[in-house]
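Hi everyone, thanks for coming. Let me put the structure up on the screen, and then we can walk through a few places in it together.

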Amino acid sequence: MASPSSTALLKWAQAASRGFAAASAGNPGRKVAVLGAAGGIGQPLSMLMKMNSQVSSLSLYDIAGTPGVAADVSHINTKAQTRGYDKDGLAEALRGCDLVIIPAGVPRKPGMTRDDLFKINAGIVRDLVEAVGKHCPGAVLNIISNPVNSTVPIAAEQLKKMGVYDKRKIMGVTTLDVVRAKTFYAEKNGLDVSAVDVPVVGGHAGVTILPLFSQATPKATMSAEVLDALTKRTQDGGTEVVQAKAGKGSATLSMAYAAALFADACLRGLNGHPVVECTYVESTVTDAPYFASKVKLSTEGVDKVHDLGPLSDYEKDGLKAMMPELLASIEKGVQFVKGA
């Protein structure tokens with residue numbers, strides 16, 4: 001049986017050829033904005049959101065190139081009315097939005113440290129979230145811009161500063177870690193990937209990514225060596241793509257797919273059809289103030305943050321090992337806004 005999110009995306013593709021007549025029935029229209037729509041993630045993500053039958057209005061924003069992306073996407077025969085906005089149109093792009101997806105920023109390149117990435121993307125995310133706080137403070141925020149372990153706290157602190165913070169509405173998109181874990185687990189064990197589920201908890205960088213293969217379904221017995229290899233491959237999936245692209249790109253297509261899955265889950269929750277997905281949110285599940293785990297998405301965003309469930313000894317060790325890095329990344333994000 002396919003996961004709800006995978007099934008939803010398959011339905012988008014199937015319904016596209018029918019003009020979404022069946023798929024759009026009963027779905028209230030939602031306004032969605034993609035900030036960073038002309039980038040490597042933003043373009044395919046914009047196309048996938050145009051295909052989503054729950055979207056009636058699609059705002060595409062970037063500092064340059066957006067009118068062309070919007071014109072291209074707008075020709076797709078689905079109901080979402082699409083408009084592109086450049087650097088002077090951010091307020092209009094955001095006004096009335098139910099969901100704002102932020103892939104804006106630069107990708108990690110060979111030789112680039114996480115600190116280099118942080119310095120560039122932190123300011124971009126802070127400024128975009130400030131605009132969200134001004135023009136659509138009630139919107140659900142899906143933050144893709146890396147490093148997510150820091151950019152989600154940055155978003156939260158910025159909204160707190162403005163007096164419009166709602167912890168239920170701020171989510172870091174870690175779905176690509178789940179997508180990778182499912183793919184690698186299914187391939188290694190000869191399973192139908194559409195029937196596989198693997199929770200992934202922690203953060204969204206390196207050792208902070210912890211796939212819970214002990215909770216994977218269907219259950220497969222793996223040696224300690226295979227388990228360790230799959231865990232490390234999930235953690236290093238981004239590096240694998242960067243190296244395969246010979247330094248000329250990063251994970252853009254798989255990230256766009258994962259972001260579209262998560263955005264669809266958020267929209268279904270907003271429309272009164274609760275969904276459980278993994279995402280990085282304000283949390284009391286561990287000692288870290290932000291943590292990725294399964295959450296229930298409902299009409300107000302995050303309805304419930306689930307605990308981790310039973311962990312294997314290997315996973316307990318992984319949880320302990322990630323904490324120093326995760327806590328440091330969170331504090332770095334908090335201090336970026338507080339020190340501004």
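Let's begin inside, with the residues that line the largest cavity: V132, P137, A139, L141, L159, V164, Y165, D166, K169 and I170. Before going on, a word on the source: this is a predicted model, where local features need pLDDT of at least 70 and side-chain atom pairs count only at pLDDT 80 or more, while totals for chains, interfaces and linings use all residues. Residues are numbered from 1 along each chain as its sequence is written, and side-chain values use heavy atoms, with hydrogens and water left out.

Back to the cavity. By cavity I mean a set of points, on a 1 Å grid over the protein atoms alone, where a 1.4 Å probe fits but cannot get out; lining residues have an atom within 4 Å of a point. The structure holds one cavity of 30 Å³ or more, and about 40 Å³ of space lies in the largest cavity. Those volumes are the space filled by probe spheres set on the points, with grid points joined across faces, edges and corners. What kinds of residues make up the lining? Eight are nonpolar, two are charged and none is polar. Here Ala, Val, Leu, Ile, Met, Phe, Trp, Tyr, Cys and Pro count as nonpolar, Asp, Glu, Lys and Arg as charged, and the others, Gly among them, as polar.

Next, M171, which lies in strand β6. Helices (H or I, at least four residues) and strands (E, at least two) are DSSP runs, numbered from the N terminus. M171 counts as buried because its relative accessibility is 0%; buried means under 20% relative accessible area, exposed over 50%, and partly exposed in between, with a 1.4 Å probe and protein chains only. The C-alpha atoms of M171 and V152 are separated by 7.0 Å, with the two residues 19 apart along the chain.

T174 sits in the loop between β6 (170-172) and α7 (175-189). Is T174 buried or exposed? At 1% relative accessibility, it is buried. Setting aside neighbours within four places in sequence, T174 is in contact (heavy atoms within 4.5 Å) with G203, H204, C278, T279, Y280 and A292.

Now over to strand β1, residues 30-35, where six of six residues are buried. R30, V32 and V34 point one way from β1, and K31, A33 and L35 point the other way. β1 pairs in the parallel sense with β2 (residues 55-61) over six bridges, and K31 stands opposite S57 there. Pairing here requires that DSSP finds at least two bridges between two strands. β1 also pairs in the parallel sense with β4 (residues 99-102), over three bridges, and the bridge partner of A33 in β4 is V100.

Finally, some backbone details. Most residues other than glycine have a negative phi, and most peptide bonds are trans. In this model, the peptide bond from N146 to P147 is cis, with omega near 0°, and P147 is in the loop between β5 (140-143) and α6 (148-162). The bond from T217 to P218 is cis as well, with omega near -10°. A246, although not a glycine, has a positive phi of about 55°. Where is A246? You'll find A246 in the loop between α9 (237-244) and α10 (253-270), and at 59% relative accessibility it counts as exposed.

How values were computed. 1 Å grid on protein atoms, 1.4 Å probe; cavity = no way out; pocket = protein on both sides within 12 Å on 5 of 7 lines; lining within 4 Å.
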